[in-house]
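Please give me a guided tour of this structure, stop by stop. I have it open in a viewer and want to know what to select next and what is there.

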Amino acid sequence: MNRILYFILHPFLSFSLWSDEHREDEGIDVFYALFLCVAAGIWLVVQRERRSKNSPIPFHFSSPKEADPNWTSIKINRPTLESHLEDENIQPMMLPDRRYITCFDPSNGLHLATVLADNEAEIAAKIQRASAAQEKWMYTDWIQRRRVIRSLQKWIVENQDLCARVACRDTGKTLIDAALGEILVTCCKMEWLIDHGEEALRPEPRKSNFIQFYKKAEVHYDPLGVVAAIVSWNYPLHNAWSPILASIFAGNGVVLKCSENVIWSTSWFVNIIKNSLEACGHDPELVQLVCCWPEQAAALTKSPYIKHITFIGSETVGRQIARDATEHLTPVTLELGGKDPAIILPNTNLDQWISTWMRGIFQNAGQNCIGIEKLIVHVDQYDDLYDMLKERIEKLRCGSVTLPSDQGYLSPVDVGAMISDNRFDALEALIKQAEEDGAKIVNGERYRHVYHDQGTYFLPTLIGLTQNSAAIAQQELFAPIALVMGYETIEEAVELANGTRYGLGASVFGPDQKQCLEVAEALDCGMVAVNDFAVFYVSQDLPFGGTKASGYGRFGGPEGLRSLTNPKVIVYDWWPALIQTSIPKVLDYPIRSLGTSFEFTSGLIRFFYADTWRARIQGLITLIQAQRK
């Protein structure tokens, strides 16, 4: 053992270990023990220095009192975004010629705030503030950017309950919906940026070719400047943080326009990011939040200072944003929702997957862009699936998690409120039409809650369809509604799945994974989960987006992160002292002989690209002869 230790601690004298002069009782020299202590000390200093640059930084934040379940406020009668115009009790000191937005809890109608909407001048000023901050931020290194995100990740993990309650208060969702759709996926996003974001944006070497064997090529992903994200209301935390974090990690400033429906919660969530930036020593003005009515949004979408727009929302608005962006040729990523099908192959174990389908349909009260909108099942299992869903759906409880019960605790709630009742008439009309066409219906109407009479609830609904041409089978419902359709052949199932204008996500379930993969390849969409639901979004290394009326472009993964950059190509010499590009005299201006010059280039092309070596050699001879003329 002593000899082994001696070899480790004293490699230069180890060859004398077995010499006659070496004494077994020498032991370990004190010098080498001291050397070990010094090495360990250096290692500890290095680790401490590394932690000092990478460890998360705590920051100050305030908890909104409205997130407390015991908080009370004025209950608005039939609340809308402009209820302040009718109720003086919720009116602030209103400025002339300015518009405001009423914020309220859709699960019970409690007033949250009445906020001033931005006008065009204020939006332009916010873009300029983000631009000024970005001029310095773009020179930060990966360590600094990761530290901001790592600080936010630590904060959100430690404050999950508060974040969930804030999201629930502004959207009416349940705590479980918030935990899964807001917090979990946001943590996945931050984890990917911390672990793999630098890899996606580092200068990337590209392959050269024979004609340029002496050249080296790289793609550099430079920041664009200030980018915009215009996002929907269904996940106020995640829809705000995801584009903001991706944008600033790519070196950009960002202006976020949230939906008018969730300005209260989004303001708080965005301020958390600004607090983290400031605590890490950066300008919080890098991130800006715009709160405006649609009529003022063009100040953002048509701005010459916005270099990219990410939009998550409806097809109608997405088309308008795409038109606005053409004014300055601003690139746009559009995620416009879908009609995601779940194909259930023959002999699938329904008991095994029924819970997955229920979560896929009713997560966030169906207000989920990649939620399951229709189940396509073989006719032999149609009745069994319908009955299983009916039994479960009839037991689902609607309600609010932001108000305690009479006993002082939160009652169990399966399905929260919808963001508003604006679409209730249209949903009920579609369901009535389907019923007239022969569909079987369970529930299918709005629900007036016993305790939350101002809440906007729609009963969890089951519809057994008989034809894919029905309007309800073609339109995105974005509601707690399950559609069940039958098929006889796999080809028919694929046709039913592909038979809409949308192409965002899909699922395929079955006992034979090979068959599932074959069906997945036949689906016309952007993402498919096999024997699972929406897992392609939990993995943030994957691009997220769709095709057809579901939009174009991708966010998420390397593709999404790089879309927020300018891919700049740099080509340079491997051995500049030995070989560089020069213009042969036969091609130099002014051209001396058109025939000779063309003969030279023809030989050059033949030498590099002919399909046989004989032809290539002939091309080499031709270009040499042309060069000598």
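A residue counts as buried when its relative accessible area is under 20%, and as exposed when that area is over 50%. In this predicted model, buried residues make up 51% of the 629 residues in the chain.

**Whole chain**

The C-alpha trace spans about 90 × 85 × 65 Å along the principal axes.

Select W155 and W241 and show their side chains. W155 belongs to helix 4 (residues 142-158) and W241 to helix 7 (residues 236-249), so the pair links distant parts of the chain, 86 residues apart. The ring centres are 6.1 Å apart and the planes stand at 35°, so the pair is tilted. Both W155 and W241 are buried. The structure holds 19 aromatic pairs.

Now extend the selection to F59, F61, W268 and F269. Together with W155 and W241, these residues form one aromatic cluster.

**Charges over rings**

Select R99 and W293. R99 lies over the face of W293, at 4.2 Å from the ring centre. Move on to R501 and Y502, where the charged end of R501 sits over the ring of Y502, 5.8 Å from its centre.

**The largest cavity**

Along with P341, A497, G503 and G505, Y502 is among the residues nearest the centre of the largest cavity, which is lined by 14 residues. About 80 Å³ of space lies in this cavity. Helix 15 (490-498), strand 17 (502-503) and strand 18 (505-509) each supply at least two residues of its lining. By class, the lining has 7 nonpolar, 4 polar and 3 charged residues. The count of cavities of 30 Å³ or more comes to 5.

**The second largest pocket**

Which residues lie closest to the centre of the second largest pocket? Select Y214, T581, S582, P584 and L604: of the 18 residues that line the pocket, these are the closest to its centre. The pocket has a volume of about 450 Å³. Helix 19 (594-609) and helix 20 (613-628) are the elements that give two or more residues to the lining. The largest share, 4 residues, comes from helix 19. The lining residues divide into 12 nonpolar, 5 polar and 1 charged.

**Cysteines**

Colour the cysteine sulfurs. How many disulfides does the structure hold? The number is 0. A disulfide would need two cysteine sulfur atoms within 2.5 Å. For C103, the closest cysteine sulfur is in C291, 7.0 Å away, which is too far for a bond. For C398, the closest is in C168, at 15 Å, again too far for a bond. Both stops are in buried positions: C103 has 1% relative accessibility, and C398 has 12%.

**Backbone details**

Select Y589 and P590. A cis peptide bond joins these two residues, with omega about -10°. P590 is placed in the loop between strand 22 (565-573) and helix 19.

Next, select N443, in the loop between strand 12 (440-442) and strand 13 (446-447). Its phi is near 65°, a positive value in a residue other than glycine. Is N443 buried, exposed or partly exposed? At 37% relative accessibility, N443 counts as partly exposed.

Then go to F478, in the loop between helix 14 (471-474) and strand 16 (481-487). F478 also has a positive phi, of about 55°, although it is not a glycine. F478 is buried, with a relative accessible area of 14%.

**Two C-alpha distances**

I343 is buried, with a relative accessible area of 0%.

At 5% relative accessibility, G560 counts as buried.

Note on methods: Residues are numbered from 1 along each chain as its sequence is written. This is a predicted model: local features need pLDDT of at least 70, side-chain atom pairs count only at pLDDT 80 or more; totals for chains, interfaces and linings use all residues. Side-chain values use heavy atoms; hydrogens and water are left out. On a 1 Å grid over the protein atoms alone, a cavity is a set of points where a 1.4 Å probe fits but cannot get out, and a pocket is an open set with protein on both sides within 12 Å along at least five of seven lines; lining residues have an atom within 4 Å of a point. Grid points are joined across faces, edges and corners, and a volume is the space filled by probe spheres set on the points. Ala, Val, Leu, Ile, Met, Phe, Trp, Tyr, Cys and Pro count as nonpolar, Asp, Glu, Lys and Arg as charged, and the others, Gly among them, as polar. Buried means under 20% relative accessible area, exposed over 50%, partly exposed in between (1.4 Å probe, protein chains only). Rings of Phe, Tyr and Trp (its six-membered ring) pair if their centres lie within 6.5 Å; planes under 30 degrees apart count as stacked, over 60 as edge-to-face and the rest as tilted. A charge sits over a ring if NZ of Lys or CZ of Arg is within 6 Å of the ring centre and within 35 degrees of the ring normal.
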